[in-house]
Amino acid sequence: MNKITVNDIKSISFPQGDYVSPGLEMVQPDLCFPNMVLGNKYDSSWLYLRRDIPHNWYVDQRRSDVGFVSRDEAHILYNTALKFQGKKALEIGCWMGWSACHLALGGVELDVIDPMLSEQLFYESVTDSLKQAGVRESVNLIPGYSPQTVAETANKLQRKWSLIFIDGHHEAPAPLDDAIICEQFAEADALILFHDLTAPDVGKGLDYLKAKGWQTMVYQTMQIMGVAWRGNVEPVIHQPDNTINWRLPPHLQSYNVSGVAQTKTTDKFSILLQIIQPYTLLSETKLFSLYSQAQQVYDYLFWIPKILKQTLSRRRNFPS
């Protein structure tokens with residue numbers, strides 16, 4: 001492969017079907033990812049993939065059932081990293097290095113923790129892409145699982161992070177465990193981003209930080225991103241694609257959406273707490289756990305008919 005230059009990465013010509021919020025600085029490291037192709041959303045069986053959002057869904061052609069962060073989401077990462085240039089950043093889960101590349105291009109010193117990095121093909125692929133983008137020297141690739149490896153890395157390197165991106169395992173208790181360990185090793189002035197908030201279990205991580213006093217917000221992107229911040233930092237402002245009739249899943253209804261006029265909402269759990277707690281000996285933590293479990297059941301009942309309808313519609317459109 002010919003050497004890729006900074007001009008190649010800064011030369012912007014996105015394919016039709018990509019969207020990037022107005023006001024964001026743009027970058028395009030596509031040439032550094034030779035196996036990245038446009039994916040078929042129906043190759044993935046994941047319940048929380050928003051197949052109805054028309055934005056391009058990119059995959060590695062060697063593993064076409066797992067998607068990268070979308071073009072819009074990648075630019076939220078890149079523009080957030082620009083606010084933290086020269087500071088320490090952490091990424092949990094890097095899937096082929098696409099998101100890590102955008103963070104590193106933003107100028108942060110990045111530690112990446114992902115168990116897939118123990119696989120030679122994965123590690124070499126990520127390394128090659130980062131080298132092509134000219135950011136390999138600013139990225140520390142660490143095979144391992146969160147939260148254990150996060151704590152080990154922080155203690156070994158005497159590390160605290162100003163910017164953190166959580167995109168690891170999406171099923172409970174992993175997202176909540178990630179949020180808890182990341183808060184422990186976050187700087188006083190810090191910002192934490194989440195990907196795939198369409199999944200209720202991922203939402204529990206953002207819920208935790210909100211309950212701990214962090215400011216929070218969500219981004220209406222293909223898979224919904226969340227942001228929590230504290231201290232003297234500010235999140236990127238994002239404008240959702242105005243050609244799409246966006247909806248929030250039930251577990252995110254209490255959150256403000258970046259770029260969208262806010263209406264006054266009352267947290268459902270706060271209302272239930274006022275009504276129920278005087279009549280029970282259960283702690284607020286236990287009540288929140290029970291509420292979260294009930295909310296998850298509701299979410300499944302809400303989304304399963306939609307997925308079944310999409311699947312049946314697809315089957316009718318393709319001959320057997």
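Analyst: Strand β1 and strand β2 (residues 58–60) run antiparallel and are joined by 3 bridges. Strands (E, at least two residues) and helices (H or I, at least four) are DSSP runs, numbered from the N terminus, and two strands pair if DSSP finds at least two bridges between them. Within this pair, Leu-38 stands opposite Tyr-58 of β2.

The model is predicted, so local features need pLDDT of at least 70 and side-chain atom pairs count only at pLDDT 80 or more, while totals for chains, interfaces and linings use all residues. Residues are numbered from 1 along each chain as its sequence is written, and side-chain values use heavy atoms, with hydrogens and water left out.

β1 and β2 belong to an open sheet of 3 strands, ordered β1-β2-β3, with antiparallel pairing. Its edges are β1 (36–38) and β3 (63–67); each has a single partner strand, so one side of each lacks a neighbour in the sheet. From one strand to the next the twist averages 45 degrees; angles run from 0 to 180 degrees between N-to-C directions, and axes are lines fitted to C-alpha atoms, for helices over the stretch in contact.

A further open sheet has 7 strands in the order β6-β5-β4-β7-β8-β10-β9, and its pairing is mixed. Here β6 (139–142) and β9 (215–219) are the edge strands, each with a single partner, so one side of each is left without a neighbour in the sheet. Neighbouring strands are turned against each other by 15 degrees on average, direction ignored.

Two of its pairs can be followed in detail. Strand β4 (residues 88–92) runs parallel to β5, with 5 bridges between them, and Ile-92 has Ile-113 of β5 as its bridge partner. Of the 5 residues of β5 (residues 109–113), 4 are buried, so the strand is largely enclosed by the rest of the structure. Buried means under 20% relative accessible area, exposed over 50%, and partly exposed in between (1.4 Å probe, protein chains only). Strand β7 (residues 161–166) and strand β8 (residues 186–194) are also parallel and joined by 5 bridges; in this pair Phe-165 stands opposite Leu-193 of β8. Helix α7 packs on the sheet, where it touches β8, β9 and β10 (225–230), and its direction makes about 150 degrees with that of β8.

α7 also has a helix partner. Helix α6 (residues 174–184) and helix α7 (residues 200–211) pack with their axes 7 Å apart, at an angle of about 30 degrees. That makes α6 roughly parallel to α7 (angles under 35 degrees count as roughly parallel, over 145 as roughly antiparallel, 65 to 115 as roughly perpendicular and the rest as oblique). Pro-175, Leu-176, Ala-179, Ile-180 and Glu-183 of α6 meet Asp-201, Val-202, Lys-204, Gly-205, Tyr-208 and Leu-209 of α7, contact being heavy atoms within 4.5 Å. By class, these residues are 7 nonpolar, 1 polar and 3 charged (Ala, Val, Leu, Ile, Met, Phe, Trp, Tyr, Cys and Pro count as nonpolar, Asp, Glu, Lys and Arg as charged, and the others, Gly among them, as polar).

Most residues other than glycine have a negative phi, and most peptide bonds are trans. Asp-196, in the loop between β8 and α7, has a positive phi near 65 degrees and is buried at 8% relative accessibility. Gln-158, in the loop between α5 and β7, also has a positive phi, near 50 degrees, but is exposed at 71%. Pro-249 lies in the loop between β10 and α8 (268–276) and is buried, with a relative accessible area of 1%. Its C-alpha atom is 8.6 Å from that of Pro-200, 49 residues away along the chain.
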